[in-house]
Amino acid sequence: MNDLTADRWQRLDALLAEALARDPADRTAYLRAACGGDPALYAEAVALLDSASEAARALGESAVTYATPLLADGGEAPPEVGLAPGTLVGPYRVVGEAGRGGMGVVYRARRADGAFEKTVALKLVKRGMDTDEVLARFRRERQVLAGLDHPG
């Protein structure tokens, strides 16, 4: 898969995003139909889908599940002070802030429960960005990114 063209990666990305948005029982059939007569594309898409599923199992629950109690107080939005290094969010220990953007804050974190060792990006969605549409996009993004393994 390393020798894919940019167009092929773009096509695979769109196929994977659409497959992940579907019920798990329908994903393989969707990919088979969407890839048509291109068995190599189908094989690449299924491999990415398998990687995304494996990553989701390894990562456990969504950061949104863990972050909601940290951010919800039922009143005014608190000032954005961020999470201090050492803070536990689910099985992850925050190492430091990696960046801020329109959707929220991204932290570098390490798995802290001994299940395996890995540094990850932990993205916390800020208040006001937690609409059903944005959260669905966030979940799709998580699935795609969880399947990647890159030093950056």
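**Close-up views of a predicted model**

**View 1. Gly 99 and its partner across the sheet.** Val 106 in S3 is the bridge partner of Gly 99. The coordinates are those of a predicted model. Strand S2, residues 92-100, pairs with strand S3, residues 104-111, over seven bridges in the antiparallel sense. Strands of a sheet pair through backbone hydrogen bonds, in a parallel or an antiparallel way.

**View 2. The four-stranded sheet.** Four strands form an open sheet in the order S1-S2-S3-S4, and their pairing is antiparallel. Strand S1 (88-89) and strand S4 (119-125) are the edge strands, each of which pairs on one side only.

**View 3. Arg 111 and the ring of Tyr 92.** Arg 111 is placed over the face of Tyr 92, at 5.3 Å from the ring centre. Tyr 92 belongs to the residue range of S2 and Arg 111 to that of S3. What does a search of the whole structure find in the way of aromatic pairs? The search returns zero aromatic pairs.

**View 4. Helix H1 and its two faces.** Helix H1 covers residues 6-21, 16 residues in total. From its first C-alpha to its last, H1 reaches 23 Å, close to the 22 Å expected at 1.5 Å a residue. Which residues of H1 are buried? They are Leu 12, Leu 15, Leu 16, Ala 19 and Leu 20. An α-helix has 3.6 residues a turn, so residues three or four places apart point the same way. Ala 6, Asp 7 and Gln 10 are exposed, and they sit on the face of H1 turned away from its buried side.

View 5. Helix H3 (residues 39-59) contains Glu 44. Is Glu 44 buried or exposed? Its relative accessible area is 15%, under the 20% cut-off, so Glu 44 counts as buried. A polar contact of 3.2 Å joins the side chain of Glu 44 to the side chain of Arg 8.

**View 6. Thr 28 in helix H2 and Tyr 42.** Thr 28 is located in helix H2, which comprises residues 27-35. With a relative accessible area of 36%, Thr 28 is partly exposed. How many residues apart in sequence are Thr 28 and Tyr 42? The two are 14 residues apart in sequence, and their C-alpha atoms are 9.2 Å apart in space.

How values were computed. Residues are numbered from 1 along each chain as its sequence is written. This is a predicted model: local features need pLDDT of at least 70, side-chain atom pairs count only at pLDDT 80 or more; totals for chains, interfaces and linings use all residues. Side-chain values use heavy atoms; hydrogens and water are left out. Rings of Phe, Tyr and Trp (its six-membered ring) pair if their centres lie within 6.5 Å; planes under 30 degrees apart count as stacked, over 60 as edge-to-face and the rest as tilted. A charge sits over a ring if NZ of Lys or CZ of Arg is within 6 Å of the ring centre and within 35 degrees of the ring normal. The expected span of a helix is 1.5 Å times one less than its number of residues. Buried means under 20% relative accessible area, exposed over 50%, partly exposed in between (1.4 Å probe, protein chains only). Two strands pair if DSSP finds at least two bridges between them. A polar contact is a pair of N or O atoms within 3.5 Å; within protein, one must be able to donate a hydrogen and the other to accept it, and residues adjacent in sequence count only if both atoms are side-chain atoms.
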